[in-house]
Amino acid sequence: MGLLAQLITWPLLPVKTALWAAQRVADQAEAEYYDPAPIRAELADLERRLEAGELDEETFDREEDRLIDRLMEIERYRTGPGDR
């Protein structure tokens, strides 16, 4: 029966392969989106720019709030589906 099943499903192989590849791309995109490292780097750069006088306090506060919100979103995502 295994050989018969393979013969019957063989025409679906390109579809299965495309779905598998699309899932790998989606998994990688999700991993990158929920990676806190770039957000932390942005926070460090933001602080450096404030100290260098490139930003005013208001802009810094607004951008810092945005980045902290992203970090909180990432933390909620990582703690599991019950908190999303």
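**Exercise 1.** Which residues form the largest nonpolar core?

*Solution.* The structure is a predicted model. Its largest nonpolar core has eight residues, namely Tyr34, Ile39, Leu46, Leu55, Phe60, Leu67, Ile74 and Tyr77. The largest share, four residues, comes from α4. As a general background, nonpolar side chains in soluble globular proteins tend to be buried together.

**Exercise 2.** Determine how helices α3 and α4 are oriented relative to each other.

*Solution.* Helix α3 covers residues 36-51 and helix α4 covers residues 57-79. Their axes come within 10 Å and cross at roughly 165 degrees. Angles over 145 degrees count as roughly antiparallel. The two helices are therefore roughly antiparallel to each other. The crossing of α3 and α4 is left-handed.

**Exercise 3.** Describe the residues through which α3 and α4 meet.

*Solution.* On the α3 side, the contact includes Ile39, Glu42, Leu43 and Leu46. On the α4 side, Phe60, Leu67, Arg70 and Ile74 are among the residues involved. The residues of this contact divide into nine nonpolar, no polar and nine charged. As one example, Leu67 touches Ile39, Glu42, Leu43 and Leu46, when residues up to four places away in sequence are not counted.

**Exercise 4.** Decide whether Arg70 is buried or exposed.

*Solution.* Arg70 is found in helix α4. Its relative accessibility is 14%, and buried means under 20%. Arg70 therefore counts as buried. Leaving aside neighbours within four places in sequence, Arg70 is in contact with Tyr33 and Ile39.

How values were computed:
Residues numbered from 1 in each chain as written. Predicted model: local features only at pLDDT ≥ 70, side-chain atom pairs only at ≥ 80, totals over all residues. Heavy atoms only, no water. Axes fitted to C-alpha atoms, helices over the stretch in contact; angles between N-to-C directions. Parallel < 35°, antiparallel > 145°, perpendicular 65-115°, else oblique. Left-handed = near helix turned anticlockwise from the far one by under 90°. Contact = heavy atoms within 4.5 Å. Nonpolar A, V, L, I, M, F, W, Y, C, P; charged D, E, K, R; others polar. Buried < 20%, exposed > 50% of the residue type's maximum accessible area, 1.4 Å probe, protein only. Core = buried A, V, L, I, M, F, W, Y, C linked by side-chain atoms within 4.5 Å.
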